[in-house]
Amino acid sequence: MIDQSGKVVAGGGTSYTVSHPKPGWAEQDPEEIWNHICATSQDVISQSAVSTNEISAVVFVAPWKNIIALDDQGKVLRDSIIWMDARAAEQAERLNQSVGKFVGSGQEYWPRLMWMKEQEPELWHRARHIIGLNTYFKFRATGEVYTEPSDDFIRSANPELNDYYQTILKAADLLTDTEKFPTAKDATDIVGNLTETAAQQLGMAVGTPVIGGFGDLVAITWGAGKAQRGDAHLYFGTSSWLVSIIKNRSELEAPLYFSINQDKEGAVYALQTGCLALDWVIDQVYRTERTALGPDIYRFIGNEVSQISPGSDGVIATHWLSGELAPLSKNAKGSFFNLTTNHDRRHMVRAMMESVCFTHRRNISTLQEHSNTQLSHIRVVGGGAVSDMWMQMLADILNISVQVPESPRYSGTLGAYYCAARGLGWLNNDDAMGREVNIGKVFTPNPAHREIYDRNYRVYMKIHPALKEIYNELNGEY
């Protein structure tokens, strides 16, 4: 809950499950997530001294590219096939060949639609709506079915992008199914009002306006204050990414893109595992301390890792626990190289943190090469940005300064606030968002660490090419 001045009044959260019925598959029950939203909403409101009639609006932010099928009655027909799912490798290969260029892997949105249509034809026929997670939440809240630009991969107000979508839909044999996909309203539009049922579930007043909202990529971009053309930022969350803002996708070749509106696109260089990799290794080697310390474990880990020299005394890790996007591969997995009896758990944690920074160094180098620009600094947000030790490591590995806002954990939440504030008329333009972000800390590269990080980065870049065939043999190609 955030007030009109942008101050956090109260907050809460919970976790929800991801199921993996088969290798490479990833699904979630959207009903489960909605129930968590409702319970957490009531908890947050009860924490505050705010009455329900003082709540001006509700805004939802959700991961993109979920595939949720609803029947005529609005019932969910199967668990959502989420963005992490890579089941559609065979469909992706056919789509890429038909389009004549690389559209995506089996994890991309359209191949997964093709899979559902081909492998679950009865369900596909019954589906009245095929929607994303943000749309599902708005539907549960208002009864209205509208998507928004960042989660719409069927239509676009940008003519160039719309033509591209039409080419893909034709190649994917989906042109005759477009009526299943909802039209979009702008993220800042009021799309409806809370129904009596939803209001009761959320603990709010009937008729409270619901703002369109957007995907987490856009929310964090807005919250970082880096939503103007030419801006770039890094996000250190469960996943992680580098984003650069452009007008049209033809300007910059990138692995992924998202739409902000018809005038701005985000070019995305994504990591499937960011802080997830750090949390995993902490759970494995610092489980007792984590149980005892709770949230303070990260301060403890910072002290532990700072005792190890940059470069982890030769240990190099790969953070690819969930696989990675091209130019890596979904079937690539995590590993530690060069471990000896002289190393301990501190080396393993530091090496994992360094590996995330190495991937971002590769992505920034690619961005600079393709855009013919040179970054002198980068802004970093997300929970990982709270770690001074990690941010100094990042500055050393990238060899540029790192800016961290005062509240990096709340960047996505702040982006949601900006969205609602624009929709309610509290903010008059997008430029106001950037002015609201105050920089809390700046980390500059330490020249003494340059040589060791350059060496380890060169080795890191050789790992995937060297092991590609081994990953194929062990894990299959997907």
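A residue counts as buried when its relative accessible area is under 20%, as exposed when that area is over 50%, and as partly exposed in between (1.4 Å probe, protein chains only). By this criterion His233 is buried, with a relative accessible area of 0%. The model is predicted, so local features need pLDDT of at least 70 and side-chain atom pairs count only at pLDDT 80 or more, while totals for chains, interfaces and linings use all residues. Residues are numbered from 1 along each chain as its sequence is written, and side-chain values use heavy atoms, with hydrogens and water left out.

**The sheet**

- Helices (H or I, at least four residues) and strands (E, at least two) are DSSP runs numbered from the N terminus, and two strands pair if DSSP finds at least two bridges between them.
- Seen in the order 10-11-9-8-14-15-16, 7 strands form an open sheet with mixed pairing.
- Strand 10 (256-261) and strand 16 (439-443) are the edge strands, each pairing on one side only.
- From one strand to the next, the twist averages 30 degrees.
- Strand 14 (residues 377-381) pairs in the parallel sense with strand 8 over 3 bridges, and with strand 15 (residues 401-405), also parallel, over 3 bridges.
- Strand 8 and strand 9 (residues 240-246) run antiparallel and are joined by 5 bridges.
- Strand 14 is mostly covered, with 4 of its 5 residues buried.

**His233 and its partners**

- His233 belongs to strand 8 (residues 232-236).
- Its bridge partner in strand 14 is Arg379, and in strand 9 His233 stands opposite Val243.
- Arg379 has Gln403 as its bridge partner in strand 15.
- Although 146 residues separate His233 and Arg379 along the chain, their C-alpha atoms are 4.9 Å apart.
- Contact means heavy atoms within 4.5 Å; neighbours within four places in sequence aside, the residues in contact with His233 include Ile220, Thr221, Ala224, Leu242 and Ile378.
- The side chains of His233 and Trp241 form a polar contact of 3.4 Å. The term denotes a pair of N or O atoms within 3.5 Å; within protein, one must be able to donate a hydrogen and the other to accept it, and residues adjacent in sequence count only if both atoms are side-chain atoms.

- Helix 8 (residues 216-223) is largely enclosed by the rest of the structure, because 7 of its 8 residues are buried.
- Among the buried residues of helix 8 are Val218, Ile220 and Trp222.
- Just after helix 8, Gly225 takes a positive phi of about 70 degrees.
- Ser150, in the loop between helix 5 (133-142) and helix 6 (159-171), is buried with a relative accessible area of 4%.
- The Ser150 side chain makes a polar contact of 2.7 Å with the side chain of Glu148, and one of its polar atoms lies 3.0 Å from the backbone nitrogen of Gly215.

**Helix 12 packing**

- Helix 12 (residues 345-371) packs against helix 16 (residues 450-475) at about 80 degrees, with the axes 10 Å apart; axes are lines fitted to C-alpha atoms, for helices over the stretch in contact, and angles run from 0 to 180 degrees between N-to-C directions.
- That angle makes helix 12 roughly perpendicular to helix 16, a term covering 65 to 115 degrees.
- Residues meeting across this contact include Arg350, Glu354 and Phe358 in helix 12, and Tyr453, Asp454 and Tyr457 in helix 16.
- Helix 12 also lies across strand 8, strand 9 and strand 11 (264-271), running at about 145 degrees to strand 11.

How values were computed:
Angles under 35 degrees count as roughly parallel, over 145 as roughly antiparallel, 65 to 115 as roughly perpendicular and the rest as oblique.
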